Amino acid sequence: MDRKVEELVALARQRASAADFGPESEALNRKILDTLPTDVGSMTRLAKCLEMRDEPFEAQVLYATVLQVDPENRIALNHLVREHVATATPPRRRRGSAANASGGAFTHDEAFPLVAGIIDRLFRAAPAGVLWSAIRHPP
């Protein structure tokens with residue numbers, strides 16, 4: 001990795017640690033992704049920037065893209081499941097349901113079916129590359 005890119009990544013991490021997800025952080029993570037298009041950390045930080053800017057669909061596309069690169073990424077899984085749970089109609093409880101009734105973090109086995117449905121809905125209308133390109137380089 002180029003020294004300049006390493007410095008940008010370090011600065012982006014520092015801003016994220018300080019909970020700075022404003023326009024400057026968004027631009028910084030976009031710049032990193034122009035050089036390192038599969039950098040999972042930059043994608044998740046950019047997704048958080050988009051969430052803070054009230055762009056939930058674009059954030060979900062990024063989290064889904066993260067899972068294409070790293071299927072076990074807990075940040076992306078948790079955000080997609082949280083978004084799904086927040087917007088879904090609560091299911092009727094069944095005795096012995098595998099749903100996470102405790103309110104705690106979902107296990108991978110609990111999250112996977114939810115995330116698979118979310119990813120399917122996100123990418124059904126357009127291929128992933130088209131959506132990702134639109135987010136990386138907005139008009």
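I start with helix 1 and helix 2, which cross in a left-handed sense. Left-handed means that the near helix is turned anticlockwise from the far one by less than a right angle, and right-handed means clockwise. Helices (H or I, at least four residues) and strands (E, at least two) are DSSP runs, numbered from the N terminus.

A note on the source: this is a predicted model, where local features need pLDDT of at least 70 and side-chain atom pairs count only at pLDDT 80 or more, while totals for chains, interfaces and linings use all residues. Residues are numbered from 1 along each chain as its sequence is written, and side-chain values use heavy atoms, with hydrogens and water left out.

Back to the first pair. Helix 1 covers residues 3-17 and helix 2 covers residues 23-35; they pack at an angle of about 145 degrees, and their axes are 10 Å apart. Axes are lines fitted to C-alpha atoms, for helices over the stretch in contact, and angles run from 0 to 180 degrees between N-to-C directions. On the helix 1 side the contact (heavy atoms within 4.5 Å) uses Val5, Leu8, Val9, Leu11, Ala12 and Arg15, and on the helix 2 side Glu24, Ser25, Leu28, Asn29, Lys31, Ile32 and Thr35. By class that gives 7 nonpolar, 3 polar and 3 charged residues. Here Ala, Val, Leu, Ile, Met, Phe, Trp, Tyr, Cys and Pro count as nonpolar, Asp, Glu, Lys and Arg as charged, and the others, Gly among them, as polar.

The loop between helix 1 and helix 2 holds Ala19. Its phi is near 60 degrees, a positive value in a residue other than glycine. For context, most residues other than glycine have a negative phi. Ala19 counts as exposed because its relative accessibility is 57%; buried is under 20% relative accessible area, exposed over 50%, and partly exposed in between (1.4 Å probe, protein chains only).

Next, helix 2 against helix 3. This pair packs at about 150 degrees, with the axes 9 Å apart, and the two helices are therefore roughly antiparallel to each other. The cut-offs are under 35 degrees for roughly parallel, over 145 for roughly antiparallel, 65 to 115 for roughly perpendicular, and oblique for the rest. Helix 2 passes helix 3 in a left-handed crossing. Helix 2 contributes Ser25, Glu26, Asn29, Arg30, Ile32 and Leu33 to the contact, and helix 3 contributes Ser42, Met43, Arg45, Leu46, Cys49 and Leu50.

Which residues does Ser25 contact, leaving aside its neighbours within four places in sequence? They are Arg15, Asp20 and Cys49. Ser25 counts as buried because its relative accessibility is 2%.

From helix 3 the contact takes Val40, Met43, Thr44, Leu46, Ala47, Lys48, Leu50 and Glu51; from helix 4 it takes Glu58, Ala59, Leu62, Tyr63, Thr65, Val66 and Val69. This contact has 10 nonpolar, 2 polar and 3 charged residues.

In the loop between helix 3 and helix 4 sits Asp54. Its phi is also positive, near 65 degrees, and the residue is exposed at 62% relative accessible area.

Now the cores. A nonpolar core is a set of buried Ala, Val, Leu, Ile, Met, Phe, Trp, Tyr and Cys residues joined through side-chain atoms within 4.5 Å. The largest one has 14 residues, of which Met43, Leu62 and Tyr63 touch the most other members. Helix 3, helix 4 and helix 5 (74-87) each supply at least two residues of this core. A second, separate core has 6 residues, including Val5, Leu8, Val9 and Ala12.

Leu62 is buried, with a relative accessible area of 0%; from Leu62 to Ala76 is 14 residues in sequence and 8.4 Å C-alpha to C-alpha. Val61, in helix 4, is buried at 0% relative accessibility, and its C-alpha is 9.4 Å from that of Leu80, 19 residues apart along the chain.

Finally, the totals. The protein has 7 helices and 0 strands, and buried residues make up 35% of its 139 residues. Of contacts between residues at least 6 apart in sequence, 53% join residues at least 24 apart.
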